[in-house]
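Good morning, and thank you for making time for this presentation.

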Amino acid sequence: MITLYACNFHDAFAHGTVRDIRARWALEEAGLPYETRLVSREGLGSAEYRAIHPFGKIPAIVEEDGLAIFESAAIILHLGERSDVLLPRDRAGKAQATAWICAAATTLEWTVGTLGRIDFFPIDRDADQKIRPMTEKVVQMRLSALNEALEGKDYLVGRFTGADIMMRSVLDMLRHTPLVAEYPVLSAYMARCADRPAFQRAMRDHLAAYPKESI
Ligand SMILES: N[C@@H](CCC(=O)N[C@@H](CS)C(=O)NCC(=O)O)C(=O)O
């Protein structure tokens with residue numbers, strides 16, 4: 001059985017967006033059985049875990065034969081080889097889904113993540129507040145382009161794929177801001193993806209991993 005490495009030590013503000021949700025959702029969509037191992041904060045730096053994830057981050061998976069894969073985008077792409085729900089088999093569909101997975105992980109996530117870093121983990125409050133408006137502007141430019149790309153579509157590549165797992169998860173990292181709600185197409189997309197039974201099972205299990213009093 002596949003082993004998913006997750007964690008349950010983050011504060012409540014992060015519950016639901018900690019990146020194991022991406023791997024859980026992909027596994028649920030693919031219908032692949034898996035067991036979850038929770039890694040402690042200290043465990044992330046252990047030699048045992050660093051052999052699985054060189055940067056000591058969440059998520060990682062280890063497959064039945066011992067193959068370890070880290071990075072949420074890579075996990076989705078890899079699981080896509082085992083499930084055409086995640087990755088279309090036709091050349092164009094596969095290429096487009098791959099492009100959107102990479103776009104979510106790079107073009108979107110670096111700027112979305114910077115905003116989250118400023119808001120939740122300020123390093124130098126004055127310096128951070130100076131760069132926040134520009135960071136937010138870049139996020140808005142990305143959201144505007146994404147909104148345009150999703151106009152008239154239910155999902156990024158015509159039908160649901162792993163690209164939507166990656167994109168919705170990245171957009172959800174903006175939930176502490178009103179930014180996504182400014183785009184009706186994006187808001188509807190978020191809700192559509194969240195309606196999926198696989199998402200709901202993944203989120204239920206993700207949240208259930210946290211100690212009761214902190215949910
Ligand atoms: N680019 C990586 C980011 C992984 C990452 O930063 N994971 C966070 C959880 S959301 C983590 O492991 N944080 C624990 C820590 O840094 O101590 C991915 O998408 O998998």
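Two remarks on the source are needed. This is a predicted model, in which local features need pLDDT of at least 70 and side-chain atom pairs count only at pLDDT 80 or more, while totals for chains, interfaces and linings use all residues. Residues are numbered from 1 along each chain as its sequence is written, and side-chain values use heavy atoms, with hydrogens and water left out.

Let me stay with Arg201. This residue is placed in helix α8, residues 197-208; helices (H or I, at least four residues) and strands (E, at least two) are DSSP runs, numbered from the N terminus. Is Arg201 buried, partly exposed or exposed? By the cut-offs used here, buried means under 20% relative accessible area, exposed over 50%, and partly exposed in between, with a 1.4 Å probe and protein chains only. Arg201 is partly exposed, because its relative accessible area is 33%. Arg201 and Trp25 are 176 residues apart in sequence, yet their C-alpha atoms are 7.8 Å apart in space.

Trp25 and Glu28 bring us to helix α1. This helix spans residues 20-30 and is mostly covered, with 11 of its 11 residues buried. Among them are Arg22, Trp25 and Glu28. After α1 comes Gly31, which has a positive phi, near 70°.

I turn now to the ligand.

An oxygen atom of the ligand lies 2.8 Å from a backbone N or O atom of Ile58. A nitrogen atom of the ligand is 2.8 Å from a polar side-chain atom of Glu71. In the side chain of Ser72, an N or O atom is 2.6 Å from an oxygen atom of the ligand. On its own, the ligand has 510 Å² of accessible area, of which the protein covers 77%; such areas come from the Shrake-Rupley method with a 1.4 Å probe, and for residues only the protein chains shown count as cover.

Two of these surrounding positions have backbone features to note. As background, most residues other than glycine have a negative phi, and most peptide bonds are trans. Ile58 and Pro59 are joined by a cis peptide bond, with omega at about 10°. Pro59 belongs to the loop between α2 (47-50) and β3 (60-62). Glu71, in the loop between β4 (68-70) and α3 (72-80), has a positive phi, near 80°. Glu71 counts as partly exposed because its relative accessible area is 45%.

Next, Glu63, in the loop between β3 and β4. Which side chains does Glu63 contact? There is a polar contact of 2.9 Å with the side chain of His78, and another of 2.8 Å with the side chain of Arg82. With a relative accessible area of 8%, Glu63 is buried.

Thr135, in helix α5 (residues 125-150), is also buried, at 10% relative accessibility. The side chain of Thr135 reaches the backbone oxygen of Ile131 at 2.7 Å.

Finally, two alanines. Ala194 is in helix α7, residues 184-194, and is buried, with a relative accessible area of 16%. Its C-alpha atom is separated by 24 Å from that of Phe120, 74 residues away along the chain. Ala208, in helix α8, is partly exposed at 47%. Ala208 and Arg192 are 16 residues apart in sequence and 23 Å apart, C-alpha to C-alpha.

Technical notes
A polar contact is a pair of N or O atoms within 3.5 Å; within protein, one must be able to donate a hydrogen and the other to accept it, and residues adjacent in sequence count only if both atoms are side-chain atoms.
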